[in-house]
2 protein chains.
Amino acid sequence: MNQAIGVIDSGVGGLTVAHELMRQLPRETLIYLGDTLRCPYGPRSEEEVRKFTWEMVDFLLEKDIKMLVVACNTATAFTLAELQEKLDIPVIGVIQPGARAAIKFTQNSNVGVIGTEGTIRSGAYTTALYNINLDIHVNALACPLFVPMVEQGILSGPKAKEVVEESLTTLLEDKQIDTLILGCTHYPLIKDTIQDVIGDKVMVISSSEETAREASTILEFRNLLNTATSSNPRHQFYTTGELNIFSKIAGSIFNESMDNFTTVTIEKAVIQ
Amino acid sequence: MNQAIGVIDSGVGGLTVAHELMRQLPRETLIYLGDTLRCPYGPRSEEEVRKFTWEMVDFLLEKDIKMLVVACNTATAFTLAELQEKLDIPVIGVIQPGARAAIKFTQNSNVGVIGTEGTIRSGAYTTALYNINLDIHVNALACPLFVPMVEQGILSGPKAKEVVEESLTTLLEDKQIDTLILGCTHYPLIKDTIQDVIGDKVMVISSSEETAREASTILEFRNLLNTATSSNPRHQFYTTGELNIFSKIAGSIFNESMDNFTTVTIEKAVIQ
């Protein structure tokens, strides 16, 4: 199956998922679409997030993808069930893998979750955790400033630390949590700062690595792995916004120059 | 879906998988069958392993399981594809999860695999690793003495260390491997001894934890999680052999007394 894996995100955060997919599935080809122009999705209504997500999905379906990874927590929270029901290809979200990793790691069943307003408001992490273990105690907190900060390229330094400290104030008062889920794929880009603020005793889980692992599991389970011996993946990256910030963030994630970026207008491309 | 998850193994090794399933999926009920009477499977022919495995599977299918976990590497190597093709329920083996974890952990792409003669002879780990990453270098070694030793209850001490040291001689000469897959579910029971012999620099991967994690992934993906709020699992454990050694090993895995063991004769129960 040499078709590509499609990856969608509201912006650059999903690149952390793409990076892990490339590392853990080196024979697979990715087609990535980041809706940087309309990022962040977090404060938007469910209806708007659903509309934008379907526009991205339609763009990728035209490219004959074999699997869809919804690398955005807000989009996962609002659309995963619907996408899984309506699409013929397997659809993986970022919420369930992070929840499962937290259940594996926590020793005292006290789990913190931080995410966008949309993700936290949806209660999707709490639902995912309870679906597996009813004894988990969840402390969920929205951090609406993180995504705009990351999309501006502020990933570390005093300004980043100040924003993280202020945002996490109420969570820092909870002395019980031993595991913190980064419930937004932008957050791994400021993971060091978050770990610094929350302290070494809390296991910080990036859902990106876990999502890539589960994508691998499902590909194999569904007999969709690319086992062609001459696999030489040529990934494609699309953004609805400016290439500058996209390339800068991508460079810091992949530690190499990426030359295959394209700006697309998906509203035009899709709503015809 | 309050049906049970069925778990089969050639003996007690699969209890390490059962333990992780109970920990990571506390709302799910397990029905375990260990073919202790005919253990080890490792030196047996493919035909014999297939016959015995199907006898175990038929025993569990009568109990209306919703998923089958083949918690035995030898049985996985010889029967997984066939079981996945012929059964209507999802079937998870122990080889692919361990292979995926090794790919996630290795930094230099040099992976060691130890297992029974049957597992190593089948080349199943090498195939599973290559299916995902062709650049992995695999050093595979059969350790036929480990399973009989574990089934006798010898898990540590000078005798165990001597057997492990002698068995791993050729692997110890390979200075490259940074990751070692325990390609047999009995081996986690002597993991400390193996880690001691192989040294701290090698990441030792127990496929049990990884298999439980992937079972959780597939259950959720297939909408088979038990989400009933009143879940109070009552696991059942069956063995074809003596209860004594089974209970002793189970006690050391679960750190609690287990009172729900039953001896069954699956040849009679199945071949009618």
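**Exercise 1. Find how many disulfides the whole structure holds, over all chains.**

Solution. The search returns zero disulfides. A disulfide here is a pair of cysteine sulfur atoms within 2.5 Å. Take A:Cys39: the nearest cysteine sulfur belongs to A:Cys72 and lies 7.9 Å away. Now B:Cys39: the nearest cysteine sulfur, that of B:Cys72, is 7.8 Å away. This is a predicted model, where local features need pLDDT of at least 70, side-chain atom pairs count only at pLDDT 80 or more, and totals for chains, interfaces and linings use all residues. Side-chain values use heavy atoms, without hydrogens and water.

**Exercise 2. Decide whether A:Cys39 is buried or exposed.**

Solution. Apply the cut-offs: buried is under 20% relative accessible area, exposed over 50%, partly exposed in between (1.4 Å probe, protein chains only). A:Cys39 has 16% relative accessibility, so A:Cys39 is buried. B:Cys39, at 15%, is buried too.

**Exercise 3. Describe how H4(A) and H6(A) pack.**

Solution. Two packed helices are described by the angle between their axes and the distance between the axes.

- Step 1. H4 (residues 95-105) and H6 (residues 124-132) of chain A pack at about 55°, with axes 9 Å apart.
- Step 2. The pair is therefore oblique. Oblique is what remains after roughly parallel (under 35 degrees), roughly antiparallel (over 145) and roughly perpendicular (65 to 115).
- Step 3. H4(A) and H6(A) cross right-handed.
- Step 4. List the contacts (heavy atoms within 4.5 Å). From H4(A), A:Ile95, A:Ala99, A:Arg100, A:Ala102 and A:Ile103 meet A:Ala124, A:Tyr125, A:Ala128, A:Leu129 and A:Ile132 of H6(A).
- Step 5. Sort these residues: nine are nonpolar, none polar and one charged.

Notes
Residues numbered from 1 in each chain as written. Chains lettered and ligands numbered in written order. Axes fitted to C-alpha atoms, helices over the stretch in contact; angles between N-to-C directions. Helix = DSSP H or I, 4+ residues; strand = E, 2+ residues; numbered from the N terminus. Left-handed = near helix turned anticlockwise from the far one by under 90°. Nonpolar A, V, L, I, M, F, W, Y, C, P; charged D, E, K, R; others polar.
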